[in-house]
Amino acid sequence: MAGASRTWIEISGATVRHNLAAVRRVVGKHVSIMAVIKANAYGHGWPEVLSILRGQPHWGIGVAYGVEALQARTWNYRRRLAVLSNWQASDLPELLRQNIELVVWDQISLNAVRRAARKSPVKPKIHIKLDTGTTRIGFLPAEHSQVRRALTCNDIRVVGLFSHFANAEESSAKRTLQQLQRFTTLSNKIDPSQGIGRHIACTAAILRYPGARFGLVRLGIGLYGLWPSIEIRAWSRANLGSFNLQPVLSWYTRLAQVKTVAPGTAIGYGSTIISKRAMRVGIIPVGYADGYDRRLSNRGWVVIHGLRAPILGRVCMNLCMVNVTNVATAKSGDLVTLIGRDVSADDLADLIGTINYEVTTRINWSVPRVVV
């Protein structure tokens, strides 16, 4: 892969398995783990992560959209598969045919699934979404009577009741505990003999709030070895002993050219940096079209031969310039680490004022991924 691509991503299968096993030890054997692979597995690559998950103990997978679920089926993923955010009515017949479990979030979405069910030999499996305080999709607590009526519909099978936390990644527990209490109170009104599962815990809640685990948790960012927040990382290290997450993704390219420029040379669009002395400049064939954020201009760095090479000038659409003056042996063709050892997704997120989720999910889907 390295020789064939100008830029590529390596996904460590062993590290995915490590993270899954580490979370398994935290939640215990009686709690099932849903692996969340929405948004191209948080930028890590759908087919690559699915290939790693095969044979690993997990409930199944969760995705955001119906089209993602259908795509997973084309890669021959046959375990349980739940759409957690949204689907299009035009996709319902195929979603039902493929035995994909569907979210319903209001009466309109419920009615749409029921209409599709009348034309399908497959009874839909439904997860009802409750809005307990995040104010995204979901039935409001005041609409609980509609939820109860949905449980009596003979043309669907409700298999899950779920919600999502708004503040689980934060240091303060107040709002999270309020949401958990709201969800628990609402879901306790459901007859347990109906066998309806409950799930609300994301990675942060899996680690910090044991009462939120119920029988099923949704492991998203933690599966990929990234912490939901600095606060959760600190809390986990203080309270969970040897528990640790390990990043799964490494992003590489190679130097396309190395040149020496004279003092006073302007570098890049807008001439935002002028060399003060003779400087060795490396050119790499990666830019913001690949998902390497333009806000890293004159701020970020890459790693070459174990040494930092700062970004020079503005990140271009397809190229970047880096300072390799202090990397004495740098030459065309040398390996460049964009994300990996000595430069993490968290480092880049800090530099551009965002979260590690955005850094990885915005890597262009056309960048080749390979499992190592």
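This is a predicted model: local features need pLDDT of at least 70, side-chain atom pairs count only at pLDDT 80 or more; totals for chains, interfaces and linings use all residues.
Residues are numbered from 1 along each chain as its sequence is written, and side-chain values use heavy atoms, with hydrogens and water left out. Local features need pLDDT of at least 70 and side-chain atom pairs count only at pLDDT 80 or more, while totals for chains, interfaces and linings use all residues.

Helix α8 covers residues 174-187, where helices (H or I, at least four residues) and strands (E, at least two) are DSSP runs numbered from the N terminus. Its 14 residues reach 20 Å from first C-alpha to last, close to the 20 Å expected at 1.5 Å a residue, the expected span being 1.5 Å times one less than the number of residues. Thr-176, Gln-179, Leu-180, Phe-183, Leu-186 and Ser-187 are buried in α8 (under 20% relative accessible area, with a 1.4 Å probe and protein chains only). Seen down the helix axis, these buried residues fall within an arc of 135 degrees, so they line one face of α8; the arc is that of the directions from the axis to the C-beta atoms.

Turning to the aromatic rings, there are nine aromatic pairs, counted when ring centres of Phe, Tyr and Trp (its six-membered ring) lie within 6.5 Å, with planes under 30 degrees apart stacked, over 60 edge-to-face and the rest tilted. The rings of Trp-227 and Phe-243 have centres 5.9 Å apart and planes at 80 degrees, so this pair is edge-to-face. Trp-227 is buried at 6% relative accessibility, and Phe-243 is buried at 8%. Elsewhere, ring pairs link Tyr-42, Tyr-224 and Tyr-357 into a cluster.

Terms used
Buried means under 20% relative accessible area, exposed over 50%, partly exposed in between (1.4 Å probe, protein chains only).
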